[in-house]
Every structure is written in C-alpha cells, then in structure tokens.
Amino acid sequence: MDTPLHSVKRYIYNILQFNNRSKVTTALNTLIITLILLSVPVDVLESVQDVSPAVKRFIYHLDLAMSLVFALEYALRLITCTEDPRFKRPIWGRIKYMCTPLMLIDLFAISPFFILGTGMVRMLRVFRILMLMRYTNAI
C-alpha cells in the first residue's frame, strides 16, 4: 500500500521522466531548456566590466533564480531516483545515481553559483550547456 508521501514521490519522479508526455512534463522541460539557453548570455553579461550596477544586480538575481531552479530539479531527481529499480536502495542507490554522467554534469553546472570564487569555478558554468544533453530527447 502506498503512503501519500510515496504517491507524491512517484508523481514527481514520473514528471521528471522524459518518456512521460504529460503537459506538466512538457512545461517543465520547456522551462529548464529555456533557462539553460538564457544562462549563456547571462554568464557573458556577468563577465562584462562596463555594466551599470543596476544591470549587474539584475543579472545576479536572474542567475540566482536560475541556479535555484536547477538546484531544485537536481534535488528532486536525487530524492525520487529510488523509484527507479536500478537505484532502489535509499543510500547506495542515490550515491550510484549521483555518479551517473548526467547527474555529474548537473552537479558541475549548478555548483558555480554556490561556490564562492572565480577562475575555475566560472569555467564550470560551461556545464550548463551540457545539461541540454538530458533534454535532447525531450524536445
């Protein structure tokens, strides 16, 4: 018998799957793809020195919002991955899932915003483009 919490978990898991052609899944995929594509010019503008403080503030808040959406998607995928029989075990299943190529790309893509510093951290933002690999079949 499913508990209400397990039913919600299964529902979220199904939404995050690409073979699901529901309107919610399509809308979510469209949102994520749009944010990934939007993040490229935002990252470019963020590195431009001659930008007004108001624009820099806007870019920062936009980047924050996108990073939070990406982090939420990552967390939901990690929480619900145990619905997949390959990752059924609560701890080891999640660790195994975190080590899959697409989850590693997602982790590298979201980590720059949450890690202070520049240089190599900024270079990790390239992984946001690689996040599109997850969505190529969803289009």
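This is a predicted model: local features need pLDDT of at least 70, side-chain atom pairs count only at pLDDT 80 or more; totals for chains, interfaces and linings use all residues.
1. On the α3 side, the residues in contact are Tyr60, Asp63, Leu64, Ser67, Leu68, Phe70, Ala71, Tyr74, Arg77 and Leu78. Their partners in α5 are Met103, Asp106, Leu107, Ile110, Phe113 and Phe114. Sorted by class, the contact of α3 with α5 has twelve nonpolar residues, one polar and three charged.

2. Now look at how these helices lie. The axes of α3 and α5 (residues 101-114) are 9 Å apart, and the packing angle is about 145°. The crossing of α3 with α5 is left-handed.

3. Next, turn to the contact of α3 with α2. Helix α2 covers residues 23-47 and helix α3 residues 53-80; their axes come within 10 Å and cross at roughly 145°. This crossing, too, is left-handed. From α2, the residues taking part include Ile32, Leu35, Ile36 and Val42, while α3 brings Ile59, Leu62, Met66 and Val69, among them. The class count for α2 with α3 is eleven nonpolar, one polar and five charged residues.

4. Finally, where is the open space? The largest pocket holds about 290 Å³. It is lined by 15 residues, and Gln17, Arg77, Arg86, Tyr97 and Arg134 are the closest to its centre. Helices α3 and α5 turn up again here, each giving at least two residues to the lining. By class, that lining has eight nonpolar, three polar and four charged residues.

Methods. Residues are numbered from 1 along each chain as its sequence is written. Side-chain values use heavy atoms; hydrogens and water are left out. Axes are lines fitted to C-alpha atoms, for helices over the stretch in contact, and angles run from 0 to 180 degrees between N-to-C directions. Helices (H or I, at least four residues) and strands (E, at least two) are DSSP runs, numbered from the N terminus. A crossing is left-handed if the near helix is turned anticlockwise from the far one by less than a right angle, and right-handed if clockwise. Contact means heavy atoms within 4.5 Å. Ala, Val, Leu, Ile, Met, Phe, Trp, Tyr, Cys and Pro count as nonpolar, Asp, Glu, Lys and Arg as charged, and the others, Gly among them, as polar. On a 1 Å grid over the protein atoms alone, a cavity is a set of points where a 1.4 Å probe fits but cannot get out, and a pocket is an open set with protein on both sides within 12 Å along at least five of seven lines; lining residues have an atom within 4 Å of a point. Grid points are joined across faces, edges and corners, and a volume is the space filled by probe spheres set on the points.
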